[in-house]
Amino acid sequence: MRRAMPVLLFILSLVIGAITPTAAGAGEPGATAPPSVVPRPTDWTDLGGRTVLTPRTRIVVDPRSARATALPAGRAELPGPARQSVRGLADQLRAELASVSGLRPRIAYGHPAPGDIVLRLTDTGLGAEGYRFDSGSGSRTAGDTGGAVTVEAASTHGLFYGTRTLLQLLRATAPDHHSLPRARAADRPAQAVRTVHLDAGRKYWRIPYLENLIRRMGDQKLNTLFLHLSESEGFRLHSPKFPGLADPGHSYSRADIEHLKAFAARHHVQLMPGIEVPGHATVISEAFGIGFGADNGTGSAPCTGAHTHSHLTADWIIDMTSERAVEKTEEIVDEFAGWFDAPLFAIGAEEVPGQLAECPRVKDFLAADPDVSTLGDLLNRYINTLDDVVSKHGRRTAVYNGSEHLAAPQQKVHGPVVFITWEGTGAEPAIPGHDEIAIGPFYVTPNNYHHLYPDEPWMYDTWAPSTTPDMLGSGLVNWADYNFWSDDGYFEQQMAAARAILADRAWNASPTPDTVDGFRALVARLGDPPGIRPLPVAPRTDDGRPSHHWTFDPAPYPSGWTYAGSPGNTLYAEDVAGALPGTSYIINNPTPVTGDGATGGAWRFDHDRDGVGLGGLDTAEPWTVSVRVRPTARTADQVLLSSKAGALKLMQYGTGRVGLTRYGTADHSFPYTLPLDRWTLLTWVAEPGRTTLYADGERVGTVEASVPLPLRSIGTEKASLRGDLDELRTWDEALSPGQVRDLLRRDAQ
C-alpha cells in the first residue's frame, strides 16, 4: 500500500493539471502573457486550464463552405488569393496532427463535441489573414476536455494560420502533445507582405530544400517566397522559347514551377518571381547579344568597361537604347509572368551605373529621342515598358530601389510599381508615391567580402516595423555572391534565426516581451513543423579518398553559370573530389600563378580581402586537412579555413605559429612556425578533443583540442593569408602517420 501512494498522487496530479493553469498556459485566467507560438499572436487571453485532444477528437467542417477558399471579406490584393479549400486544409491538418501527436481525427460535418477542432469560414473583421482562435469554450470540471477548439477566419489563409497556432501549442506540450492552454485570440498581421528572398540567379536551390523552406515559412506565418531567378551569373527558368538562356540541369521547368506553386499554396505561401534587368544581366545579354558591349545594330560603338562598374563588362547591362534589346526583354517578361500567379512580379532595375551616361551610344540616343533627356529618363521608361507587360498579366511590378537617385525630368515610374527598398532601416517608407517592401536591414550575405548578417538583437528588441499604408511589408534577403555552389543547408544555417525574428516582428509589431536569447530558445523548443525532410548529405568517406580537393588549376565555370566579371575577377576554384567549388571575390582577388613549385597552378593571396567562398557545412571530427602553402610575409593573423565556429590558422594570433581556433573559446598553437618563401605541406589530423599537425609529412606536435572542420571559406574578411596556396584537400577521417607521409611522396611525383 505504501508503494501505491505515489502512483495515486501522480494520477491525481494529472487530473488537477487538466483543469488548472500551467506554465504553457501563461498564468491565471485573464493573463495575456504570450503563449509558445511564433509569431506571437497580436491579441491573446489565457483562460486557465487545459484543453485536451483525444482519440475521439474530430475535425468539424461546415458542409456549406467545405469547398470554399474565402468569403468576400477574406479577399485582398496582398498576399493574394487563397487557393486551398476548407476541406483541403482539414485533410492536411489531419495528417499534421498525426505527425505531431499521433492522433488522426476523422473529418466530420455537423455540431462539434468537446475535444473537437472546428474550422469555420466567417467574417471575423480581421481581414484576409486574421483569425479567431478559441480553445476555452466549455466548463472546467474534472475530466472535462475543455470544449472544442474553434478557428474562424474569412479565408483559408486565416484558417491555416489559426491551425499553425494550434499545432505549435501542441508541439510545445510534452510528453504526448495532446493538450493546449484554454485561451482566446483575435490575431492578424501588422504587415501584409512577409517575405523570404532567395538569390536563385547566382545559386541553384534544390527543390527539396525549397519545399522545406516553404513548410517553415508557413509554420511561422511568412507568406511570400521571393525567388530572384536571374542574375549576371545565371538564369533559372527553362523555357523552350529561349534555348540557351538557362541550363536545364540547373534551372526550373514550367512543370517544376507548377509543382512549387501547388505546394506553396498548401502552406499559404505566394511564389513571387524576380528577373533582373537591365543591370545584373550578363547571362541574358550574352545569350541574345543585347548588352551594351554588343553592336546591337544601333549604329553607335559599344560601351566599354569604363561605362560600368569597375569589375564588370558593359554586357552586364542590357542595351536600353536598342529596340531589339528592349523587345527581347519584353518577350522574356511576358513569357515568365505567365508562369506565376503571385500578385507581384519583380524586374530588378537597380544599380545602373551613372557613368553609363558618358557612353557615346547613350549620349547619341538621348540627343535623338525627344522623350528622354537623361539616363534616369531612359531607365524609368524601360521600367514602365516592362510594367505594361506585367500589368497585362494582372500583376503589379516590383523593382529594387535605386532609380530614384538618377535625375529623370521627363519619365516617372508608374505609380502602381512597388519599390523593394534595400537602403534604409525599414522603419519608414522612403520612396514618395509608391508602395514599398523593406529589406535593407535584413541581409544574409555570408561571404567574407560583404560579410552581412542581420543584427538579430536589434531586429528583436529595437526594430519597429512600419504599419503605414504604403509600407506593404518586410523581407529577409539571402544573396549568394561568391557562394554560388554552397550547400543549401549552409544558407539555412545562416538565416533560420533571423527568419523567425522577422516572422515575429512583421506579424506582431508590438514591443517584445523577452530577450532575443529567450526567443531563440522558444524557436528551438518548438522545432520544425510536420513534414520537414532531411536534406541529402554526402556520406562520410573512410577509404582514404579525399572528400574535397581544390587544385587551383584553371577550369571553366560549371554549366549553368556565366562568367560576369572583367578579366581577373571571380575566379573559379574547382573541387575535383567533391561538390563544393569555390569563388573568389570581386575586388582584391587572388592571382593565378604557375610554375615555381606550383602543381599545375596555384593562387597567390596578398590582401586581407583576398578569399574564396565555399559555403560548406562544418564537418565533425574526425577529419584531415592537407595543403601546400608558400607564405611570403608574416602578419598578425592568417586563416586558411574558417567558419562562424572556428578556423585553421597558418599564423595564429599572438604566437605567429600554425594553430587552430574555436571562436569564443580559445586559440591553440602548435610548436611550429611556417618558413617563408618555400613550399611546405601542412597536414592537420583531428579526432574529438585532439589535433595533430604534420609538416612535410613529419609530426611536429599535438594540441588537446579540436574543432569541426570549417568549410565556410578560405580566409576571413580581416585575416587572409599572404602567399601561394595549392592542393587543398580534406578527408572525413583521421589519416594515419603513414598516410600523411604518402601525401608528401605523391605530391613530389
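## Helix α5

In this predicted model, the buried residues of helix α5 are I257, L260, K261, F263, A264 and A265. The cover over these buried residues includes α4 (207-219) and β12 (270-277). An α-helix has 3.6 residues a turn, so residues three or four places apart point the same way.

The length of α5 can be checked by simple reasoning. The helix holds 13 residues (254-266), and at 1.5 Å a residue it should therefore span 18 Å. Its end C-alpha atoms lie 19 Å apart, which agrees with that expectation. Just after α5, H268 adopts a positive phi of about 55 degrees.

Strand β8 covers residues 193-199, and seven of its seven residues are buried, so the strand is largely enclosed by the rest of the structure. Here, buried means under 20% relative accessible area.

## Strand pairing and crossover

Which strands pair with β8? One of them is β18 (residues 471-478), which joins β8 in the parallel sense over six bridges. Within β18, G473 is the bridge partner of V193.

Another is β9 (residues 224-228), which runs parallel to β8 and is joined to it by five bridges. In this pairing, D199 stands opposite H228 of β9. The chain passes from β8 through α4 to β9, and this β-α-β crossover is right-handed. Helix α4 is also part of what covers the buried residues of α5.

Conventions. Residues numbered from 1 in each chain as written. Predicted model: local features only at pLDDT ≥ 70, side-chain atom pairs only at ≥ 80, totals over all residues. Heavy atoms only, no water. Helix = DSSP H or I, 4+ residues; strand = E, 2+ residues; numbered from the N terminus. Expected span 1.5 Å × (residues − 1). Buried < 20%, exposed > 50% of the residue type's maximum accessible area, 1.4 Å probe, protein only. Contact = heavy atoms within 4.5 Å. Pairing = 2+ DSSP bridges. Right-handed = clockwise from strand over helix to strand, strands pointing away.
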